[in-house]
Amino acid sequence: MFPVSPNTLALVHDFLTRSVQPGDLCVDATAGRGRDTALLCRLTGPAGRVLAFDIQPAAVAATEALLAAEGLTAEVHLASHAEMERFLPPESVSAMVFNFGRLPGGDPGIVTLAESSLAGIDAGLRLLKPGGIMALALYYGGANGYAERDAILAHLAGLDPRRYSVLCGSWANRSADPPLPVFLWKDT
């Protein structure tokens, strides 16, 4: 159920909740404060496996602290999402989530960039199993501007429609660069 006024995070979490099954292998490609990692752990249950990645030690520490506080377990790696394939075999992941932009409450000068974000998305596409899903939240404007958003949306628009279905949402009546939800399905 959505809040009275849904936001991008609520939409992404609803998509994941409707898609992830107990026992699934899932990836939080941008661990941040660990909220998506914790959600994936709860959804996959004890039989599942969750990996989380972030390039910032503060994000890894925050994710590990949240997981410990909630009694959850995940493999949290201090590594870029562009390097995920070092940790997982191709077509093994059921669900993956990205939050592009910056670490909430972190250094505003450290932001995701188009080059590594596109590499991470492509790695994620290779890791997704047929029938797998990917959810992206695109935070833009501010320090990271619009270049990353535009590059990601153009890249996703160019994916083979026989292999992937991509739904990009936007907020028609919200100001101040509201984050965009994007949902992707890898066809079977």
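Is Glu 91 buried, partly exposed or exposed, and what is its relative accessible area? In this predicted model, Glu 91 is partly exposed, with a relative accessible area of 42%.

**The protein chain as a whole**

- The protein chain contains five helices and seven strands, and when these are read along the sequence they follow the pattern α-β-α-β-α-β-β-α-β-α-β-β.
- The C-alpha trace of the protein chain spans about 40 × 40 × 35 Å when it is followed along its principal axes.
- Of the 188 residues in the protein chain, 48% count as buried.

**How helices H1 and H2 pack**

- Helix H1, which covers residues 8-19, packs with helix H2, which covers residues 35-44, at an angle of about 25°, and their axes are 10 Å apart.
- Because angles under 35 degrees count as roughly parallel, that angle makes H1 roughly parallel to H2.
- The crossing of H1 and H2 is right-handed.
- On the H1 side the contact is made by Leu 9, His 13, Leu 16 and Thr 17, while on the H2 side Asp 36, Leu 39, Leu 40 and Leu 43 take part.
- Sorted by class, the residues in the contact of H1 with H2 are five nonpolar, two polar and one charged.

**Two loop residues with positive phi**

- Glu 91 has a positive phi of about 50° although this residue is not a glycine, and its place is in the loop between strand S3 (75-78) and strand S4 (93-100).
- Ala 176, which is likewise a residue other than glycine, has a positive phi near 65°, and Ala 176 is found in the loop between strand S6 (164-168) and strand S7 (180-186).
- With regard to accessibility, Glu 91 is partly exposed at a relative accessible area of 42%, whereas Ala 176 is exposed, with a relative accessible area of 72%.
- The two labels follow from the cut-offs, because a residue counts as exposed when its relative accessible area is over 50% and as buried when that area is under 20%, with partly exposed in between.

Notes:
Residues numbered from 1 in each chain as written. Predicted model: local features only at pLDDT ≥ 70, side-chain atom pairs only at ≥ 80, totals over all residues. Heavy atoms only, no water. Axes fitted to C-alpha atoms, helices over the stretch in contact; angles between N-to-C directions. Helix = DSSP H or I, 4+ residues; strand = E, 2+ residues; numbered from the N terminus. Parallel < 35°, antiparallel > 145°, perpendicular 65-115°, else oblique. Left-handed = near helix turned anticlockwise from the far one by under 90°. Contact = heavy atoms within 4.5 Å. Nonpolar A, V, L, I, M, F, W, Y, C, P; charged D, E, K, R; others polar. Buried < 20%, exposed > 50% of the residue type's maximum accessible area, 1.4 Å probe, protein only.
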